Amino acid sequence: MSTDTDSPPGGNDAPLRSGADRWSVTLLRHDLPASIVVFLVALPLSLGIAVASGAPIAAGLIAAVVGGVVVGMLGGSPLQVSGPAAGLTVVVAETINQFGWRTACFITAAAGLLQILFGLSRIARAALAIAPVVVHAMLAGIGITIALQQLHVLLGGSSRSSAWKNLTEMPDELLSLHGDDFFIGAVVIAIMLSWKYAPGRLRVLPGPLVAVAIGTGLSLILPGNVERIVLSGSLFDAIGLPEIPSGGWGAVALAVLTIALIASVESLLSAVAVDKMHTGPRTNFDRELMAQGAANVTSGLLGGLPVTGVIVRSATNVQAGARTRASAFLHGIWILVFSVALVSVVQQIPKSALAGLLIVVGIQLVKLAHIRLAHRTGDLMIYLVTVVAVVFLNLLEGVLIGLLLAFALLLWRVVRVSVSATPVTGTDRWLISIDGTCTFLALPKLSAELAKVPEGAHALVELSVDFLDHAAYEAIHDWAAQHESHGGRVEFVELGSAPMADALTGPPVRGQARGLLDGVLRPWRADGNPITTGVAAYHRRNAHVVRPHMDELRDGQNPHSLFVTCADSRIVPNLITNTGPGDLFTVRNVGNLIPKDGRDNSIEAALSFALEELRVDQVVVCGHSGCGAMKALLGGVPAGPGLGDWLANADASVDRWHRGHPVGTAAAAAGFDPADQLAMVNVAVQLETLRAHPVIRRTMQQREIAVSGLFFDIGTARVLQITADDLSEISDPDLSALAAVTH
């Protein structure tokens with residue numbers, strides 16, 4: 001029985017006595033320090049977001065307190081930190097401008113109720129169905145909008161009502177530059193951008209806090225008259241009930257829906273990102289959404305900004321070592337204490353310092369990695385259109401345009417089909433290739449290509465489709481009938497997962513590739529002669545695909561391996577080695593044996609021909625589970641001509657297994673039964689025989705050659721590697737390389 005402990009890395013604490021002890025140690029050692037770090041990051045960001053939104057300064061602090069306390073207690077994401085977020089700045093500013101501050105608070109509370117309904121209806125995960133490229137573009141558009149707004153504040157002016165005006169009126173703002181405001185903001189920007197290069201010990205402090213603190217300090221020392229934040233009384237004085245709208249309920253409902261959707265999507269995406277940063281409990285999305293809704297109801301009723309999960313604060317929380325939701329809760333308490341007890345400190349902060357902070361935050365929302373990813377995946381147009389629409393229209397319209405464009409691109413990709421009709425050089429044959437999703441939308445292209453085939457030609461129609469509707473089937477069928485009526489010949493090869501025969505039996509469905517593979521690979525029994533029936537199926541489905549490859553091999557073979565394996569019908573060498581025609585020079589016998597002293601002319605001939613004439617690079621011996629030869633050896637095979645004389649070649653393997661061969665010991669430890677243990681030992685012994693063989697030794701003196709062993713476990717369809725003294729799994733170099741990149 002194990003005892004839970006909670007020791008820091010490298011520590012040696014005694015086991016803790018109770019759950020209460022574990023909780024208190026986790027709180028004091030991990031969550032309390034992390035909460036202070038998150039508080040120091042959240043404070044200047046909350047102030048800056050309130051300024052950027054055009055809301056009262058205290059509204060940002062109220063939202064930060066509510067986000068920390070309410071979501072910290074109720075949320076479904078243990079390490080996510082919530083509060084006012086840059087992602088809602090634009091839509092909140094528009095809401096305040098249209099309805100006024102108190103009505104905007106009512107809209108925030110109503111949006112919270114809608115979020116609670118979302119959570120109760122268990123549709124939280126549906127929000128994740130939004131294309132990531134649209135979300136990335138939405139954040140980039142918000143970042144650009146914030147930067148354009150705050151540039152005016154940085155220069156000593158005020159932000160304009162739209163991104164277009166912020167852009168076009170920038171030259172006039174530059175002509176009336178306030179040097180003291182600009183200097184303070186520029187210092188903040190410089191510190192924020194260069195903080196990652198600061199010495200390690202200094203970097204423990206949050207960059208945003210250091211930048212705003214230094215900017216505030218300079219504003220108090222240097223001459224000038226910078227504009228500062230204004231707070232009317234304490235945080236409690238700013239609390240007030242929202243105002244119910246007197247009309248325009250359609251516009252109000254649209255604003256409620258917009259804030260609820262954006263806040264929900266941003267919170268859920270942030271939670272997904274946070275889950276990837278730690279190995280603790282995963283997020284309960286419905287619970288998290290209801291907690292965000294409760295926080296927005298509370299914030300709206302108290303006069304605060306909308307609340308969402310914030311990736312910047314959440315990432316800081318994880319990196320600071322937080323273990324439980326207590327860290328998020330405590331960070332809200334610290335903001336409350338600071339806002340009540342240190343109001344005078346807040347009022348010393350210059351607006352240009354917060355503008356510099358927000359410009360950097362906005363720029364950082366535009367990520368080059370997202371742009372590169374959109375370019376690689378063919379979604380760059382969606383990204384650019386969404387960004388432009390968010391910046392110059394509004395957030396909701398921009399996102400809707402992005403989603404519609406993403407859906408249109410998806411529809412085009414899904415229903416796209418490739419159709420080509422080309423003559424086969426040197427013959428009167430034509431190849432018609434139809435690949436993709438074949439629907440009525442493909443009829444114009446389909447008819448145009450089919451019309452290229454001349455009358456009387458032999459046409460081979462290669463269908464590689466995963467979806468075939470009745471209209472497309474009818475067009476192909478009618479063309480084939482007409483072509484044959486004029487003396488032509490039409491042959492069909494179906495390579496896809498949607499058979500033509502199914503087009504008339506019911507509504508069209510997308511074919512499953514797994515079903516196609518099952519039909520090719522699973523054991524089956526046909527009516528009549530299974531060989532001739534199988535050959536007919538091969539001609540119908542596979543010969544056309546194999547033909548070009550076999551044509552390359554018509555004048556000779558160049559295999560890379562001699563593959564010695566058992567005659568058992570369940571072993572398919574090319575399948576388990578993922579090789580094709582011409583790759584393996586295969587020798588099969590009962591028990592995959594290599595007789596010593598040249599006692600089998602067939603094996604001797606194969607070794608000599610493979611190594612000296614074909615010059616293969618390696619020799620492989622492959623055994624398998626459930627081998628009848630190994631079972632016969634354990635049960636006592638009768639001596640004499642035939643099977644008895646042949647299996648006498650395995651006496652050395654039986655002897656080595658009885659004497660505790662290391663491969664047999666490893667196989668027993670892995671849970672294999674005696675027959676399989678003997679089969680693995682037999683492979684190891686055959687490897688020894690091969691390495692001592694004159695032909696192998698002579699070849700090794702002339703060039704490099706590998707001698708290796710495999711074991712196919714039929715029940716699991718896994719292949720193990722066998723050496724002279726051990727067995728092991730075969731690693732996937734592609735997956736190993738991928739893991740190295742991702743880590």
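Visitor: Why are α26 and α32 called roughly parallel to each other?

Guide: In this predicted model, the axes of helix α26 (residues 601–613) and helix α32 (residues 694–702) cross at roughly 10 degrees. Angles under 35 degrees count as roughly parallel, and α26 and α32 are therefore described in that way. Their axes also come within 10 Å.

Visitor: Which residues make the contact between α26 and α32?

Guide: Helix α26 contributes Leu607, Ser608, Leu611 and Glu612, while α32 contributes Val695, Ile696, Arg698 and Thr699. Sorted by class, the contact has four nonpolar, two polar and two charged residues.

Visitor: How do you know that Asn578 is exposed?

Guide: The relative accessible area of Asn578 is 73%. Asn578 is placed in the loop between α25 (573–576) and β8 (584–589). Its phi is near 50 degrees, a positive value in a residue other than glycine.

Visitor: What makes Ala717 count as exposed?

Guide: The relative accessibility of Ala717 is 53%. The cut-off is again over 50%, and Ala717 therefore counts as exposed. This residue is found in the loop between β10 (706–713) and β11 (718–722). Ala717 has a positive phi of about 60 degrees, although it is not a glycine.

Visitor: What is the reach of helix α8, and how does it stand against the expected value?

Guide: Helix α8 (residues 179–194) has 16 residues and reaches 22 Å from its first C-alpha to its last. That is close to the 22 Å expected at 1.5 Å a residue.

Visitor: Which residues of α8 are called buried, and what covers them?

Guide: Buried refers to a relative accessible area under 20%. In α8 the buried residues are Asp181, Ile184, Gly185, Val187, Val188, Ile189, Ile191 and Met192. Their cover includes α5 (132–154), α9 (207–221) and α16 (351–364).

Visitor: Which residues have the most contacts inside the largest nonpolar core?

Guide: They are Trp101, Leu305, Leu354 and Leu357, in a core of 99 residues. Helix α2 (residues 57–74) supplies the largest share of this core, twelve residues. Another core lies apart from it and has 45 residues, among them Leu593, Ala610, Leu633 and Met680.

Visitor: What does Leu357 touch?

Guide: Leaving aside residues up to four places away in sequence, Leu357 touches Pro44, Leu45, Val188, Met192, Pro208 and Val212. Of these, Val188 and Met192 are among the buried residues of α8.

How values were computed: Residues numbered from 1 in each chain as written. Predicted model: local features only at pLDDT ≥ 70, side-chain atom pairs only at ≥ 80, totals over all residues. Heavy atoms only, no water. Helix = DSSP H or I, 4+ residues; strand = E, 2+ residues; numbered from the N terminus. Expected span 1.5 Å × (residues − 1). Buried < 20%, exposed > 50% of the residue type's maximum accessible area, 1.4 Å probe, protein only. Contact = heavy atoms within 4.5 Å. Axes fitted to C-alpha atoms, helices over the stretch in contact; angles between N-to-C directions. Parallel < 35°, antiparallel > 145°, perpendicular 65-115°, else oblique. Nonpolar A, V, L, I, M, F, W, Y, C, P; charged D, E, K, R; others polar. Core = buried A, V, L, I, M, F, W, Y, C linked by side-chain atoms within 4.5 Å.
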